[in-house]
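Here's a walk through this model, meant to be read with the structure open beside you.

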Amino acid sequence: MYPFIPPPEAQTTTPAATYQARLAHFTELRDDFTRQSDRQGNLNVILFFGALVMLLIGFFSQAHGWYWLAALLFVGFVASFAYH
């Protein structure tokens with residue numbers, strides 16, 4: 001759905017019909033943006049706690065390879081957060 005492009009139903013003759021068409025369009029647009037925002041927020045939480053878990057695994061197992069994965073997940077979190 002392209003934002004801010006009025007639906008073809010908006011070319012009706014009565015103001016009430018135009019209002020209803022625009023209302024339906026922007027309601028659907030709002031719902032799309034809300035779903036996208038919720039997905040992005042869930043991804044942020046998963047990346048953050050994934051990085052934290054990898055950091056703890058690396059600390060308690062004394063295996064330094066886990067730190068690279070934690071750093072990579074944290075960079076992914078920062079990029080995802082900046083995009084959101």
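Helices here are DSSP runs of H or I with at least four residues, numbered from the N terminus. With that in hand, look just past the end of α1: Gln-62 takes a positive phi of about 55° there. Keep in mind that this is a predicted model.

**The overall picture**

What is the secondary structure of the chain made of? It comes to two helices and zero strands. Helix α1 covers residues 15–61, and α2 covers 65–83. The chain has 84 residues, and buried ones make up 19% of them. As for contacts between residues at least 6 apart in sequence, 48% of them join residues at least 24 apart.

**Helix α1, end to end**

How far apart are the end C-alpha atoms of α1? They sit 68 Å apart. With 47 residues at 1.5 Å a residue, the helix should span 69 Å, so the two values agree.

Several residues of α1 are buried, among them Thr-18, Ala-21, His-25 and Leu-29. Further along the helix, the buried list also includes Asn-44, Leu-47, Gly-50, Ala-51, Met-54 and Gly-58. Part of the cover for the buried residues of α1 comes from α2.

Which residues does Gln-40 contact, leaving aside its neighbours within four places in sequence? The answer is Ser-80, Tyr-83 and His-84.

**The charged pairs**

Side chains of opposite charge can pair when their charged atoms come close. The count of salt bridges in this model is two. In one, Asp-31 pairs with Arg-30, and the closest N and O atoms are 3.2 Å apart. Asp-31 has 30% relative accessibility, so this residue counts as partly exposed.

In the other, Asp-32 pairs with Arg-35, with the closest N and O atoms 2.3 Å apart. Both Asp-32 and Arg-35 lie in helix α1, three residues apart, or about one turn of the helix. An α-helix has 3.6 residues a turn, so residues three or four places apart point the same way.

**The greasy patch**

A patch of about 950 Å² is made by Val-45, Phe-48, Phe-49, Leu-52, Leu-55, Leu-56, Phe-59, Phe-60, Phe-74 and Val-78. The elements that give two or more residues to this patch are α1 and α2. Which one gives the most? That's α1, with eight residues. Val-78 is in helix α2, and at 41% relative accessibility Val-78 counts as partly exposed.

**The ring cluster**

The structure holds five aromatic pairs. Take Phe-48 and Phe-77: their ring centres are 5.4 Å apart and their planes are at 55°, so the pair is tilted. This pair links distant parts of the chain, with Phe-48 in helix α1 and Phe-77 in helix α2, 29 residues apart. Phe-77 also pairs with Phe-81; here the centres are 5.9 Å apart and the planes are at 35°, so this pair is tilted as well. Phe-77 and Phe-81 both lie in helix α2, four residues apart, about one turn of the helix. Ring pairs link Phe-48, Phe-49, Phe-74, Phe-77 and Phe-81 into a cluster.

| Residue | Relative accessible area | Class |
|---|---|---|
| Phe-48 | 34% | partly exposed |
| Phe-77 | 17% | buried |
| Phe-81 | 54% | exposed |

Terms used:
Residues numbered from 1 in each chain as written. Predicted model: local features only at pLDDT ≥ 70, side-chain atom pairs only at ≥ 80, totals over all residues. Heavy atoms only, no water. Expected span 1.5 Å × (residues − 1). Buried < 20%, exposed > 50% of the residue type's maximum accessible area, 1.4 Å probe, protein only. Contact = heavy atoms within 4.5 Å. Salt bridge = Lys/Arg side-chain N within 4 Å of Asp/Glu carboxyl O. Patch = residues over 30% accessible without salt bridge, like charges linked within 9 Å, V, L, I, M, F, W, Y side chains within 5 Å. Areas by Shrake-Rupley, 256 points an atom, 1.4 Å probe, with all protein chains shown as cover. Phe/Tyr/Trp six-rings, centres within 6.5 Å; stacked < 30°, edge-to-face > 60°.
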